[in-house]
There are 2 protein chains.
Amino acid sequence: MRRTPVGRQTRARGIPEATVARLPLYLRALTALSERSVPTVSSEELAAAAGVNSAKLRKDFSYLGSYGTRGVGYDVEYLVYQISRELGLTQDWPVVIVGIGNLGHALANYGGFASRGFRVAALLDADPTVVGSSAAGLPVRHMDELESIVESQQVSIGVITTPPGAAQQVCDRLVEAGVTSILNFAPTVLTVPDGVDVRKVDLSIELQILAFHEQRKAGEEPEAEEEPAPSRAPGPVRAAAAKLRRAAGGAKETKDAGKDAKAEPRGESERSAVMPA
Amino acid sequence: MRRTPVGRQTRARGIPEATVARLPLYLRALTALSERSVPTVSSEELAAAAGVNSAKLRKDFSYLGSYGTRGVGYDVEYLVYQISRELGLTQDWPVVIVGIGNLGHALANYGGFASRGFRVAALLDADPTVVGSSAAGLPVRHMDELESIVESQQVSIGVITTPPGAAQQVCDRLVEAGVTSILNFAPTVLTVPDGVDVRKVDLSIELQILAFHEQRKAGEEPEAEEEPAPSRAPGPVRAAAAKLRRAAGGAKETKDAGKDAKAEPRGESERSAVMPA
DNA sequence: TAGATTGTTAATCGATTAACAATC
DNA sequence: TAGATTGTTAATCGATTAACAATC
């Protein structure tokens, strides 16, 4: 259905985004099995290790091709290779990291990059007091060198770990220099031209989502006390009301403890809240 | 439809997970407007600032209640308050960070936490050479103190930034001590009992997803050269084949450049690849 | 062969989007 | 009033899941 008319050994294209986002999970689980020299694995076992359900895993794999053996399972090594290839991890990806603060340092040292074909081509910073220092055995170089590094090392992926104020400007320079994929850790929405991919990691978003659910675990009162009625008055009056409420502040909000006030295992969200059985 | 039978001013519960995940984006955009003293904003403007489309934003807000004014837009301050309240950010959330390496340091210093009601109650580490040092003005304390800190400070959220090998064990102790929400930065699938939420941030997954799309930008050949036919032989033979191919290694894979080989703007994925127009 | 497990179908569920009536 | 913009509907799209025929 999603599959393109299948020729002889042409595999389907148009792998769903949700599937792509899970391939790294499978790959990690498979790599662990491989290191333990486990030769084959069933969809049930692998799904458990990756924290998803087995029907989803089989469906996901079906987009890649028929790499399993009925009655037996999947060959671990073969699948590691196929998924790696599908993700593009069988080739070398030079990346630059821009903004070498705490987070830039952490990323430069992060083992998960190198082991997956990502090679830190350079660490860059605009601050002269940081330039010249070293992180993860690499020298921190000045932003001025960005263009020449991107060009000479054929860098197509940039990682932004600058303060939010500098992110768009850095992004523009990366794109101008030829980078076509950007991983943004700065809490800013980046604007990029067509053909450039941006993905974002916001360290506080996940925490906020946890707070949302945590809040619901707390308020179990069946008959909850009501919020003051939302004012129907126009803007300014509302704003004033908001300030008043905010001033009232810290008071724990119980309000309507609804049907899902109970801890709700969210299953596999896109963002992969993993709750294996 | 999703709405519970509506009483007088009871707002809907059961906000979709996808909506919850976007509330922090809206909140950030609104906070920026608030700092510029912008009094009201339309769904169109706010959507652009948050990097989503306006229909989605209005739909999202409709789950929270009717906080806009037709013909006018939304009162910025009022909406900041409502979203903060919905996310549970109007209360104080003490968190512990376990594992004070580079990433733990980065998180301890991360401004986005404090500004949203998250307070670092303690930094913990098992390594005696790290214990006693300080990060972000806080002393690093020994793991032994975990239980007493969680109890005395009523900590319900724990952040794990340990090496992968230690993560499950740390998780178990956190849960045992009373923590019911866990943000996991270690690349491991954590097992937790019902009622405990786990969210995961994997720094390399996003990079792998970028690589997947980057790979497709490169191979534009209309008639692509085929992959060697997937072997239909059983396990061991495949494994051998895989090893052979891997040895052949670095060679750039062009293979089937399918219909979506072109750079595909992914729109708003769950993981929020933001590509504003 | 009998047992195991894949790959696929089809039903269901949830999320996105355009369009527009309601209404400020 | 006329213009603007929300809140909601309904259609569409995409993702999940259980179930099972195919087949090792």
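Predicted model: local features only at pLDDT ≥ 70, side-chain atom pairs only at ≥ 80, totals over all residues.
View 1. At least two residues each come from α1 (17-35) and α3 (54-64) of chain A, and from α3 (54-64), β2 (68-69) and β3 (73-75) of chain B; helices (H or I, at least four residues) and strands (E, at least two) are DSSP runs numbered from the N terminus. Of the atoms of DNA strand D within 4 Å of the protein, 66% belong to sugar and phosphate.

View 2. A backbone N or O atom of B:Gly68 is 2.8 Å from a phosphate oxygen. The side chain of A:Asn53 places an N or O atom 3.2 Å from a phosphate oxygen, whereas a polar side-chain atom of A:Arg58 lies 3.3 Å from a base nitrogen.

**View 3. Packing of α1(A) with α9(B), residues 205-218**. The helix axes, lines fitted to C-alpha atoms over the stretch in contact, are 9 Å apart at an angle of about 125°. Residues in contact (heavy atoms within 4.5 Å) include A:Val20 and A:Leu27 of α1(A), and B:Ile209 and B:Phe212 of α9(B).

**Notes.** Residues are numbered from 1 along each chain as its sequence is written, and chains are lettered from A and ligands numbered from 1 in written order. Local features need pLDDT of at least 70 and side-chain atom pairs pLDDT 80 or more, while totals for chains, interfaces and linings use all residues; side-chain values use heavy atoms, without hydrogens and water.

Definitions and conventions:
Near = heavy atom within 4 Å. Polar contact = N/O pair within 3.5 Å; in protein donor to acceptor, adjacent residues only side chain to side chain. Axes fitted to C-alpha atoms, helices over the stretch in contact; angles between N-to-C directions.
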